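Hi there,

As promised, here is the structure we talked about. Have a look at it first, and my notes follow below.

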Amino acid sequence: MLDRSHHVIYTLQNVQDLIKMVNEMSENQKVSGFDEVEVNSANSYIIEQFLNDQVNDRSDEYGGSIENCCRFALEVIGAIVNEIGADRVGKKLSILLDVCGKEDSNPEAPLTYLASQLTKLGVLYLYVFEPKDAPRHNCLQFIGRSFEVTLIASGGYNRNEGDVAIGENYAGMVSFGRLFLVNPDLAKRFEVNGPLNKHDRSTFYKNDPIVGYTDCPSLQLGTCLISKEGMVRKVSV
């Protein structure tokens with residue numbers, strides 16, 4: 001297992017090397033024909049570590065103030081934007097800035113600043129992951145006020161919650177993960193208010209290519225068809 005007690009402090013040169021590596025990867029993505037790049041600043045990855053004031057204790061230009069803590073994230077995004085264009089770049093954020101259980105003391109401040117800077121860069125969208133046990137939309141409001149492009153909400157949403165988020169302009173789009181995994185015809189189920197398959201967490205991240213992935217039953221709809229003779233027949237599709 002990974003020893004989480006082992007920490008590596010990045011020097012300024014290490015940080016610049018990372019930015020250079022991101023730039024090289026962007027060049028490769030462009031050559032390979034990638035349609036879009038999403039930069040993950042959640043899930044305790046390194047960008048989120050810079051953003052979180054309970055983890056980032058640097059005293060140089062990458063730590064201390066909100067602007068400094070956001071500097072690395074913006075430089076990474078900037079490198080990609082310069083290479084492939086802002087209209088092909090998205091960013092994922094966690095609303096709590098939770099790094100291995102350590103939450104930022106005031107996530108609203110860095111996230112609002114970051115959202116405003118991403119608006120200036122012109123990125124395609126901002127994908128915001130909300131904790132499932134947090135009050136819906138409270139977290140999105142302060143980000144939405146600062147981000148003027150497409151805001152995608154995520155975090156255990158159901159159909160009704162998604163309708164409210166879009167209807168009340170908290171988000172422009174809503175992402176569904178577990179629901180889509182076990183309901184590949186989710187859009188149709190939403191359209192007809194059909195029943196939903198329930199996910200089985202024990203099947204997540206397994207190597208089996210079928211169980212929990214392609215063995216979910218499709219929605220059965222009763223459809224009335226009128227034949228040329230005027231007879232009504234009922235079939236399932």
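**What turned up**

L97 is buried, at a relative accessible area of 0%; buried here means under 20% relative accessible area, exposed means over 50%, and partly exposed is in between, with a 1.4 Å probe and protein chains only. Before I go on, please note that this is a predicted model, where local features need pLDDT of at least 70, side-chain atom pairs count only at pLDDT 80 or more, and totals for chains, interfaces and linings use all residues. Residues are numbered from 1 along each chain as its sequence is written, and side-chain values use heavy atoms, with hydrogens and water left out.

**Two positive phi values**

L97 sits in the loop between β2 and β3 (98-99). Its phi is near 50°, a positive value in a residue other than glycine. N43 also has a positive phi, of about 60°, although N43 is not a glycine. You will find N43 in the loop between β1 (37-41) and α2 (46-51). Its relative accessibility is 47%, so N43 counts as partly exposed.

**The overall picture**

The protein has 8 helices and 9 strands. Both kinds of element are DSSP runs numbered from the N terminus: H or I with at least four residues for helices, E with at least two for strands. Of the 237 residues, 39% count as buried. Among contacts in the protein with a separation of 6 or more, 58% are between residues 24 or more positions apart; a contact means heavy atoms within 4.5 Å.

**Helix α3 and its partners**

Helix α3 (residues 66-84) packs with α1 and with α4, and I took the two pairs in turn.

The axes of α1 (residues 12-32) and α3 come within 9 Å and cross at roughly 30°. For these numbers, axes are lines fitted to C-alpha atoms, for helices over the stretch in contact, and angles run from 0 to 180 degrees between N-to-C directions. α1 and α3 are therefore roughly parallel to each other; that label covers angles under 35 degrees, while over 145 is roughly antiparallel, 65 to 115 roughly perpendicular and the rest oblique. On the α1 side, the contact is made by V15, Q16, L18, I19, V22, N23, S26, E27 and K30, and on the α3 side by F72, E75, V76, A79, I80, E83 and I84. By class, this contact of α1 with α3 has 9 nonpolar, 3 polar and 4 charged residues. The classes are Ala, Val, Leu, Ile, Met, Phe, Trp, Tyr, Cys and Pro as nonpolar, Asp, Glu, Lys and Arg as charged, and the others, Gly among them, as polar.

The other pair is α3 with α4 (residues 108-121), whose axes are 10 Å apart at an angle of about 30°. That makes α3 roughly parallel to α4, and α3 passes α4 in a right-handed crossing. From α3 the contact takes I66, E67, C70, A73, L74, I77 and V81, and from α4 it takes A109, P110, Y113, L114, Q117, L118 and L121. These residues divide into 12 nonpolar, 1 polar and 1 charged.

**Cysteines**

How many disulfides does a search of the whole structure find? The result is 0, with a disulfide taken as a pair of cysteine sulfur atoms within 2.5 Å. For C70, the nearest cysteine sulfur is that of C69, 6.8 Å away. C70 is buried, with a relative accessible area of 0%, whereas C100 is exposed at 54%. C69, in helix α3, counts as buried at 5% relative accessibility. C69 and L51 are 18 residues apart in sequence and 5.0 Å apart in space, C-alpha to C-alpha.

**Two strand residues**

V39 lies in strand β1 and counts as buried at 7% relative accessibility. Leaving aside neighbours within four places in sequence, V39 is in contact with residues including V76, I77 and I80.

S94 lies in strand β2 (residues 89-94) and is buried too, at 10% relative accessibility. Not counting residues up to four places away in sequence, S94 touches S41, A42, E48, L111 and F129.

Best wishes

Definitions and conventions
Left-handed = near helix turned anticlockwise from the far one by under 90°.
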